[in-house]
Amino acid sequence: MKISILGEYITQFGELWDKSLRDLLYESATQAIASADLKPSAIEAIFVANMGAGILENQLHLGALVSSFFSHHPPAFRIEGACASGSLAVVAAQQFLLSGRYQTVLVVGAEKMTDVSSAVNTKFLASAGDFSREYGSTFPALYALLAQAHMQKYATTRDMLSAVSVKNHRHALANPKAQFHKAFSLADINQSEIIADPLRLLDCSPVTDGAAAIVLTSKRTKSPQILACAYACDSLALADRQSLTELQATKSAAGQCYHQSGVTAGDIEMAEVHDCFTISEILAIEDLGFFKKGRGGQASLSGQTTYGGKIVINPSGGLKACGHPVGATGVKQIAYISNLIRHKKINIGLTHNLGGSGATAVVHLLGGKL
Amino acid sequence: MTSIPPPVYWRQTKNWQNLLGKIGTVILATTNFVLIEIEGQRYELMTVTGDHLKPKDKAVCVFRRLSLPTPSGLIEYGLKAHVLKS
């Protein structure tokens, strides 16, 4: 049985002063159902992805909140897996569909981050790490250590990191929903403020408000399908990792996906990968098998990850330029690739969503009806 | 967001004295934060203000204030890596 994506919707991403978390959830849920050409009563269950509403807004119980948008109050679940919450909610929804319990469900991911200070957001995001083992760390610091390790072992350069950011900002220019519509040069990135050496301000994804939703069904349709999905975990603390130049959870999840589907990394035309920092995109394109280990930086610098290259990475602009409302990101990635397949712009796409500094990885392979 | 509750702080820090004064080798370093190996175990630690540690530097675990004091709650102290001057 294959799961199809009947409809999808992504809200504007950015600093949305006029929209609450509830507004974002309502807009994405109702518009995704409209996009699927369904009546709301067709939704049998809801899966809500969110990380921070309990900390940032004192609002938990989001499943019931979204269910209350519907007159028939479908059963609803909230899924949290740090920045991988969105794709984990899709995984949970798939399991219910594959079990036969439901036939048509809604997955919605949302995050409202810009109502609080940077300090509060930094502390909230750090809760995705191992607080007792990484005391005093921030996510830029953890990814900076991964960048240092990659630079030492593979001679990855400052320009290679910057090339990821330049490319993703360029891609976002064509995405009206993206948070940023501004082109940057290598020099702009190289000269931006140091956050955690070697990572600079323009290596980092932003704080974002936004939501995305998809409608999944186990019924036979002509809509884009989920060809395979897999997820894996690794230690929360970097100190416990076997390697600091690869994310084992990503490699494991990708390997499972390719094995399930028979699709190879070379078959994939576009991928939305988790570029919370520029180094994380370089790690992802290596660990997903698009480029050999240690060659991701050079591939980025030489234009192999954009239109006209080997594979288009982050056509939406990625987390870096489209934005990163953490609970929404995994759903947005799938919605974006699904929409490209629906409009026959690509045949096969991949999404890759991370939680923490790679402690959770979720990979989805999407394709047109075979 | 409130300050860390005292029992939580105590549980997190009760074993830190085992590392005090221990000397390790820096594996990776970024701004104010290092991955350091001490007696075969790896730890992630903040660095002492003003230190600029590099990979292969020797550093010693010291007790320092971790954050600026606030009008209420605990003043958080903990382990930091401090460059070992030869």
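Which side chain does that of A:Arg342 meet in a salt bridge? In this predicted model, the partner is A:Glu8, with N and O 2.8 Å apart; a salt bridge is taken as a side-chain nitrogen of Lys or Arg within 4 Å of a carboxyl oxygen of Asp or Glu. A:Arg342 belongs to helix H13 (residues 326–342) of chain A and A:Glu8 to strand E1 (residues 3–10) of chain A, so the pair ties together parts that are 334 residues apart in sequence. Helices (H or I, at least four residues) and strands (E, at least two) are DSSP runs numbered from the N terminus. A:Glu8 is buried, with a relative accessible area of 8%, whereas A:Arg342, at 25%, counts as partly exposed. Here buried means under 20% relative accessible area, exposed over 50%, and partly exposed in between (1.4 Å probe, protein chains only).

Residues are numbered from 1 along each chain as its sequence is written, and chains are lettered from A and ligands numbered from 1 in the order in which they are written. Local features need pLDDT of at least 70 and side-chain atom pairs count only at pLDDT 80 or more, while totals for chains, interfaces and linings use all residues; side-chain values use heavy atoms, with hydrogens and water left out.

Over all chains, the structure holds 13 salt bridges. One of them joins A:Lys167 to A:Glu281, whose closest N and O atoms lie 2.5 Å apart. A:Lys167 is in helix H7 (residues 158–172) of chain A and A:Glu281 in helix H10 (residues 278–287) of chain A, so this pair ties together parts 114 residues apart in sequence. Both A:Lys167 and A:Glu281 are buried. A:Glu286, A:Asp287 and A:Lys293 are linked in a network of salt bridges. In chain B, the side chains of B:Lys54 and B:Asp57 meet in a salt bridge at 3.7 Å, N to O, and B:Asp57 counts as buried at 17% relative accessibility.

A:His274 lies in the loop between strand E9 (270–272) and H10 of chain A and is buried, at 1% relative accessibility. Its side chain makes a polar contact with that of A:Asn353 at 3.1 Å. A polar contact is a pair of N or O atoms within 3.5 Å; within protein, one must be able to donate a hydrogen and the other to accept it, and residues adjacent in sequence count only if both atoms are side-chain atoms. Leaving aside neighbours within four places in sequence, A:His274 is in contact (heavy atoms within 4.5 Å) with residues including A:Cys83, A:Glu281, A:His324 and A:His352.

The largest nonpolar core has 81 residues, and those with the most contacts inside it are A:Phe290 and A:Leu365. Such a core is a set of buried Ala, Val, Leu, Ile, Met, Phe, Trp, Tyr and Cys residues joined through side-chain atoms within 4.5 Å. Helix H6 of chain A gives this core its largest share, nine residues. A second, separate core of 40 residues includes A:Ala84, A:Val91, A:Ala172 and A:Ala178.

The contact between the chains takes 25 residues from chain A and 21 residues from chain B. Together they bury about 1,800 Å², 63% of it on carbon and sulfur atoms; buried area is the accessible area (1.4 Å probe) that two parts lose on being put together, summed over both. In chain A, A:Tyr135, A:Leu145 and A:Ala239 lose the most area to chain B, together 37% of what that side buries. Across the interface of chain A and chain B the rule finds zero salt bridges but five residue pairs in polar contact, both at pLDDT 80 or more. Helix H5 (118–126), helix H6 (139–154) and strand E5 (194–196) of chain A each supply at least two residues of the side that touches chain B, and the largest share, seven residues, comes from H6(A).

Backbone features were also noted. The peptide bond from A:Asp197 to A:Pro198 is cis, with omega near 10°, and A:Pro198 is found in the loop between E5 and strand E6 (199–200) of chain A. In chain B, phi is positive for the non-glycine residue B:Asn32, near 65°, and for B:Glu39, about 50°. B:Asn32 is partly exposed at 44% relative accessibility, and B:Glu39 is exposed at 62%.
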